[in-house]
Amino acid sequence: MRKPIIAGNWKMHKTVTESLNLVRQLTMELKDVKDADIVICPVFTALHAVGQAVDGSNIRLGAQNLFWEEQGAFTGEISALMLKDVHCEYVIIGHSERRNIFKETNEDVNRKIKAALQAGLLPIVCVGERLEERKSDKTFEVVHEQVHGALEDLSADDLESIIIAYEPVWAIGTGVNASPKQAQEVHAYIRKIIADNFGKNAADVLRIQYGGSVKAENIAELISQPDIDGALVGGASLKVELFAGIIKNALPENKDAE
Ligand code: PGA
């Protein structure tokens, strides 16, 4: 069985002091959780301090973005090695806000994934359709293109270090989550793409998170779907009781469909 992985994407929220405050509460609240991987992704300026605060705990550190070059004249960017330097283990790549606001392409996403893997970071690769694409029945086409573009030239071995997050854009920050059935359908489709391109074993071990208005109230049903292995959580990851509630309801005893 795949171990659930719940990641909190803090987006552009919280100063260092506020981040430390939240993380101290989280480490206490979640200290007994063993059956799920927990990741938090604060803003760049808080990574170092938060990394020290989670050291020795069951909470892992992730970043929200990186640039593919190692160093150089790239004003405003940050490299995989710099993230490793502050003890990041994960990095979110290709979030829909990066794609839509900052115009990241599938090719950019692919280069970022390769840089992350090269440095030993575990990429959380986001894909998902916009509302107009869903309405015009393009969901599978869009997801297919994003998954293919993101994973171009990668090997089955690389896939062992990757997590995919299916995040329908219309569900992000809207309070309207994809129904468990809608999400499962796309997750199964993503797993099939992986099986067809990287083999059954790579598909079987790949963890696919759902993201988009995840809450304590909807996670149990989402994660009970056979191909949903966790969640990428935005808004609800900013409050200790909400994030802890999601993690507790995501633990394997809820995964009864397997
Ligand atoms: P949300 O965001 O949980 O606030 O909908 C999810 C995400 O953007 O990863």
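This is a predicted model: local features need pLDDT of at least 70, side-chain atom pairs count only at pLDDT 80 or more; totals for chains, interfaces and linings use all residues.
**Barrel and strand pairing**

Eight strands form a closed barrel in the order 1-2-3-4-5-6-7-8, and their pairing is parallel. From one strand to the next, the twist averages 25°. Strands of a sheet pair through backbone hydrogen bonds, in either a parallel or an antiparallel arrangement.

Strand 3 comprises residues 59–63 and is mostly covered, with four of its five residues buried. Its pairing with strand 2 (residues 37–41) is parallel and extends over three bridges; within this pairing, Val39 has Arg60 of strand 3 as its bridge partner. Between strand 2 and strand 3 the chain passes through helix 2 (residues 44–54), in a β-α-β crossover that is right-handed. Strand 3 also pairs with strand 4 in the parallel sense, where Gly62 stands opposite Tyr90 of strand 4. Strand 3, helix 3 and strand 4 likewise form a β-α-β unit that is right-handed. Strand 4 in turn pairs with strand 5, and Ile92 has Ile124 of strand 5 as its bridge partner.

The following table lists the bridges in these pairings.

| Strand pair | Sense | Bridges |
|---|---|---|
| Strand 2 and strand 3 | parallel | three bridges |
| Strand 3 and strand 4 | parallel | two bridges |
| Strand 4 and strand 5 | parallel | four bridges |

**Helix 5**

Helix 5 spans residues 106–119, a run of 14 residues. The distance from its first C-alpha to its last is 20 Å, close to the 20 Å expected at 1.5 Å a residue. Because 10 of its 14 residues are buried, helix 5 is largely enclosed by the rest of the structure. The buried residues include Asn106, Asp108, Asn110 and Lys112, as well as Val109, Ile113, Leu117 and Ala119. After helix 5 comes Gly120, which has a positive phi, near 85°.

**Cysteines**

The structure contains zero disulfides. The cysteine sulfur closest to that of Cys41 belongs to Cys88 and lies 7.8 Å away, which is too far for a bond, since a disulfide requires sulfur atoms within 2.5 Å. Cys126 is likewise in no disulfide, and its nearest cysteine sulfur, that of Cys41, is 9.3 Å away. Cys41 is buried, with a relative accessible area of 0%, and Cys126 is buried with a relative accessible area of 1%.

Notes. Residues are numbered from 1 along each chain as its sequence is written. Side-chain values use heavy atoms; hydrogens and water are left out. The expected span of a helix is 1.5 Å times one less than its number of residues. Buried means under 20% relative accessible area, exposed over 50%, partly exposed in between (1.4 Å probe, protein chains only). Two strands pair if DSSP finds at least two bridges between them. Axes are lines fitted to C-alpha atoms, for helices over the stretch in contact, and angles run from 0 to 180 degrees between N-to-C directions. A crossover is right-handed if, with the strands pointing away from the viewer, the path from the first strand over the helix to the second runs clockwise.
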